[in-house]
Each structure stands twice: as structure tokens, then as C-alpha cells.
2 protein chains.
Amino acid sequence: MGASPASGARARSGRRPGRPDTKARILSAAKAEFAAKGFDRATLRSIALAAEVDPALVHHYFGSKDDLLLQALEVPFDPREVIPSLTRQGIDGLGSRIAATFITLWDTEEMQMPLVAVVRSSMTSEPAAALLREGFIRMIMGPIVAVIDDRDAALRAQLVASQLLGLAVTRYVLLLEPLASEPAARVIERVGPNLQRYLDGFDVAPA
Amino acid sequence: MGASPASGARARSGRRPGRPDTKARILSAAKAEFAAKGFDRATLRSIALAAEVDPALVHHYFGSKDDLLLQALEVPFDPREVIPSLTRQGIDGLGSRIAATFITLWDTEEMQMPLVAVVRSSMTSEPAAALLREGFIRMIMGPIVAVIDDRDAALRAQLVASQLLGLAVTRYVLLLEPLASEPAARVIERVGPNLQRYLDGFDVAPA
């Protein structure tokens with residue numbers, strides 16, 4: 001992805017413009033650091049070191065480590081904005097809201113190719129899988145786990161993730177027909193209640 | 001995968017032993033043909049031509065095109081034996097039987113690595129995806145579609161496939177915790193009823 005409008009405007013304003021390839025070099029260093037060390041062990045400082053720039057410049061161009069990860073993975077939307085808008089309304093109907101948002105996002109033409117690329121790349125190796133797990137999936141699951149709020153919350157949220165990733169794989173990567181061409185509304189009404197059952201539909205495990 | 005016991009025994013009995021690398025050469029030609037042309041357009045004859053052997057030899061070593069595909073994909077079990085044993089008992093409880101069989105298979109140590117490899121390789125490219133779709137998934141879905149037997153049967157079966165593939169990705173490829181370490185029985189009791197709802201749990205679409 002290119003610069004966000006905000007950081008692009010700031011760069012153009014003249015305060016420390018840097019060489020034109022600086023931003024690309026930081027992003028490339030970030031991808032290498034994340035792949036080599038995983039999300040948790042890579043730091044803005046180690047990325048700056050690898051890119052041979054001042055750490056302040058990494059922060060200036062990319063913000064936080066989460067911001068940098070979303071750009072390194074080339075995720076075309078920000079889950080930190082999307083997910084809280086679903087969980088804010090509580091757990092009732094959350095399964096259908098998640099299904100609707102997920103399918104609407106993936107059905108959007110300019111989203112689909114980058115999202116397919118994220119799924120594909122996460123399958124290529126254990127480091128790539130770890131990056132999706134520790135970074136992107138963590139950002140999505142956090143608010144969902146918080147709203148479930150029982151002993152099985154993490155497992156419930158991951159079962160939801162399993163259905164969503166499976167839908168991504170079958171509808172958008174493998175392109176199984178008729179599922180790939182099924183109208184969004186019909187898929188949402190089939191998948192939503194199954195997500196809801198994972199969220200609140202059975203007893204929690206004994207302590 | 002190596003020779004099946006039956007064909008291995010036949011080869012050792014002396015009738016047309018062939019060069020020791022003939023079988024490997026056929027398998028390599030089959031992989032290339034399947035990747036280049038897809039499952040439907042590759043034929044035993046075109047594979048024999050690419051391997052520079054008599055078509056009868058392809059049949060001798062590998063049986064049918066489905067047999068050859070399972071060996072080319074290195075699928076460690078034969079869905080043509082496993083799936084009918086589940087559908088033979090009808091649609092009642094089929095969701096739980098599918099969940100139990102799927103998870104037991106994937107939890108088996110010697111199955112897991114080859115199955116992960118099948119999923120990973122199917123994600124790498126559209127030809128690889130097409131091969132999984134036209135070959136392996138078709139073999140699994142066929143008997144399930146037959147036992148559902150309503151207008152939405154193909155969609156229902158693919159929704160089941162979406163949940164199973166998503167479970168494969170999250171529990172065995174991405175290794176999300178706690179899902180990856182959850183006892184099989186607990187996963188089966190959570191996933192089984194969701195599969196059953198896809199199989200028979202909502203009204204079919206209007207004609």
C-alpha cells in the first residue's frame with residue numbers, strides 16, 4: 001500500500017523529506033525483520049537499524065508497530081477501526097454482524113486481491129503463518145474475546161476465525177462453485193448463526 | 001507416496017518390471033500435466049506421452065486418473081474409502097461424524113504433515129487451487145452432496161468444506177492457541193452441530 005493520506009501530506013510539507021526511497025527501504029526492512037524474528041521480537045529500533053535510518057523516521061512514516069505490520073502485510077483495511085464497531089453493540093447478533101462485515105469486505109473488488117494475497121502468503125511458511133497469527137489475527141480477535149468474556153473466550157473467537165478463514169479459502173481462493181458466486185446475503189444468513197453459536201451457543205468447559 | 005502394496009507386489013513379481021525410475025518419471029509427468037492443464041484436461045494418455053511411456057504402464061502403476069491425482073497431491077488417505085463410510089448412515093448425525101473423522105485424521109501424526117502440505121500447496125497458485133477443487137474436493141464432496149439431496153446440496157456441502165478447511169488452516173497450519181492444543185473431543189462437539197446445520201439446518205432457496 002502507498003503512504004496514508006496523512007503521512008504523505010506531512011512528508012510533502014517539507015519537514016525532513018528524506019530520500020524518496022527511504023519509506024520503501026523502511027517497509028522492506030520491516031518485512032524482512034518481521035519474517036526473520038516474528039512480530040513480537042521485531043522492534044521499531046531493529047527495523048530502523050536494518051533500514052539504516054533513525055528510529056524516529058520509522059515512527060514518522062509508519063506510526064506504531066501495528067501500523068507497520070498492517071502495511072508490511074499489505075492488509076487493505078484497518079481491523080482496529082472495523083472490529084470495535086461490531087463488538088460495541090454487544091454479543092447479541094454479533095455472529096451476523098461479523099459475517100456481514102467480513103463478506104462485504106471480501107466481496108469488494110479492490111479489497112479482494114490484497115486479502116487473497118495475505119491469506120496465500122500466510123500459508124507459505126511457518127514464519128509467515130506466525131506473522132498473521134501474532135499480528136493481524138490478534139488485532140481482530142482482541143475485541144471479540146473481550147466481548148465474549150467467559151473462560152472459553154479465546155477458543156470461541158478462534159472457532160469464529162476458523163469459519164471466516166475457511167470461507168476466505170473456499171469462496172475467494174479456491175473459488176468453489178456455487179459458493180463463490182452465491183449472493184452475499186444468502187451466505188451471511190447461512191454463516192452468521194453458526195458464528196453466533198461459537199460465540200455463545202454452548203456451555204463453557206468445567207473449570 | 002510410494003507404491004501401493006498391491007502394485008508394488010505386482011511390479012516385483014517380474015511381469016514387465018520397467019526401469020526403476022519409470023514410476024517416478026510418470027508421477028513427475030503427472031504433476032506437471034495436472035499443474036499445466038488442470039485435472040479435467042490432463043489424461044492418462046497425455047501423461048504417458050509426457051513421461052515417454054506406454055499408457056498401459058501408467059494404468060499398471062497408478063490405476064485410474066483419480067488414483068494418480070491422489071498420489072500426485074500426496075494425499076495420505078483415500079477419500080473414496082473414508083467418505084462413503086460416513087454418508088452410508090444417512091444425514092442424521094452426519095455433521096458430527098464428518099467432524100470426528102476429519103479431526104481424528106488430521107490429529108494423526110503421520111497424516112498431519114502431508115495434509116498441511118496439500119493445503120499449503122493448493123494456496124500457492126490458481127492452477128494448484130484448481131487441482132484441489134476439481135480433484136480432491138470433488139471426491140470428498142460427491143457422496144456428501146448425494147446424501148443431502150435437495151436443491152441447495154452443492155452449496156450446503158461447500159459450506160461444510162469451508163468450515164473444515166478453516167479448521168485445517170487455524171488448528172494445523174496457523175497453530176492458533178488454544179485451538180491447536182484443544183482435545184479432539186471438545187473440538188468435535190463444537191464443530192459437529194455447525195456442520196449439521198449446514199447440511200440440513202435451514203430452508204432451501206426458493207426455486
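Which side chains of chain B meet in a salt bridge at 3.0 Å, N to O? Select B:Glu189 and B:Arg190, whose side chains meet in this way; a salt bridge here is a side-chain nitrogen of Lys or Arg within 4 Å of a carboxyl oxygen of Asp or Glu.

This is a predicted model, in which local features need pLDDT of at least 70 and side-chain atom pairs count only at pLDDT 80 or more, while totals for chains, interfaces and linings use all residues. Residues are numbered from 1 along each chain as its sequence is written, chains are lettered from A in the order in which they are written, and side-chain values use heavy atoms, with hydrogens and water left out.

Staying with the pair, B:Glu189 is partly exposed at 49% relative accessibility, whereas B:Arg190 is buried at 2% (buried means under 20% relative accessible area, exposed over 50%, and partly exposed in between, with a 1.4 Å probe and protein chains only).

Next, select B:Asp152 and A:Arg186, which form a salt bridge with their closest N and O atoms 3.4 Å apart. B:Asp152 lies in the loop between α9 (126-148) and α10 (153-173) of chain B and A:Arg186 in helix α11 (residues 184-200) of chain A, so this pair joins two chains; helices are DSSP runs of H or I, at least four residues, numbered from the N terminus. B:Asp152 is buried, with a relative accessible area of 6%.

Finally, the whole structure holds 25 salt bridges over all chains.
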